[in-house]
Amino acid sequence: MEQTIIMVIYIVALIALMYFLMVRPQKKEQKRMDALLASVEIGDSVCTTAGFYGVVIGMEGDTVIVEFGSNKNCRIPMKKTAIVEVEKA
């Protein structure tokens, strides 16, 4: 009986440890990314998941149009989730 109680406490402690070391930081990072993507505006400099730097020139829902480099003809539509860094204009 006593051994069973100790085993249950041990399993509960392991589950709590896994939550605080794995699940909670992941949720915190997701909230940070959601706030970052919500703050994107036209004119902001962004870095994409591919490592390209550009300027947001248009937005339509969850799609943004990013202009890359000094060539004004290089405009690429992409999903907002491809943005990993934002620098305000």
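In strand β2, G54 is the bridge partner of V46. Strands β1 and β2 are joined in the antiparallel sense over 3 bridges, where two strands count as paired if DSSP finds at least two bridges between them. Strands of a sheet pair through backbone hydrogen bonds, in either a parallel or an antiparallel manner. The model is a predicted one, in which local features need pLDDT of at least 70 and side-chain atom pairs count only at pLDDT 80 or more, while totals for chains, interfaces and linings use all residues. Residues are numbered from 1 along each chain as its sequence is written, and side-chain values use heavy atoms, with hydrogens and water left out.

The β1–β2 pairing belongs to an open sheet of 5 strands with antiparallel pairing and the order β4-β3-β2-β1-β5. Its edge strands, β4 (75-79) and β5 (83-87), each pair on one side only. From one strand to the next, the twist averages 40 degrees, with axes fitted to C-alpha atoms and angles between N-to-C directions running from 0 to 180 degrees.

The protein as a whole has 1 helix and 5 strands, and the elements follow the sequence α-β-β-β-β-β from the N terminus on. Helices (H or I, at least four residues) and strands (E, at least two) are DSSP runs, numbered from the N terminus. The radius of gyration is 21 Å, well over the 12 Å that the globule rule gives for 89 residues, so the protein is more spread out than a compact globule; the radius is taken over C-alpha atoms, and the rule is 2.2 Å times the number of residues to the power 0.38. Along the principal axes, the C-alpha atoms fill a box of roughly 75 × 20 × 20 Å. Of the 89 residues, 21% count as buried, that is, under 20% relative accessible area, with exposed meaning over 50% and partly exposed in between (1.4 Å probe, protein chains only).

The structure also holds 2 aromatic pairs. Rings of Phe, Tyr and Trp (its six-membered ring) pair if their centres lie within 6.5 Å, and planes under 30 degrees apart count as stacked, over 60 as edge-to-face and the rest as tilted. Y19 and F20 form an edge-to-face pair, 5.3 Å centre to centre with 80 degrees between the planes; Y19 is partly exposed at 36% relative accessibility. F52 and F68 are likewise edge-to-face, at 5.9 Å and 70 degrees. This pair links distant parts of the chain, 16 residues apart: F52 lies in the loop between β1 (45-48) and β2 (53-60), and F68 in strand β3 (residues 63-68). F52 is exposed, with a relative accessible area of 52%, whereas F68 is buried at 11%.
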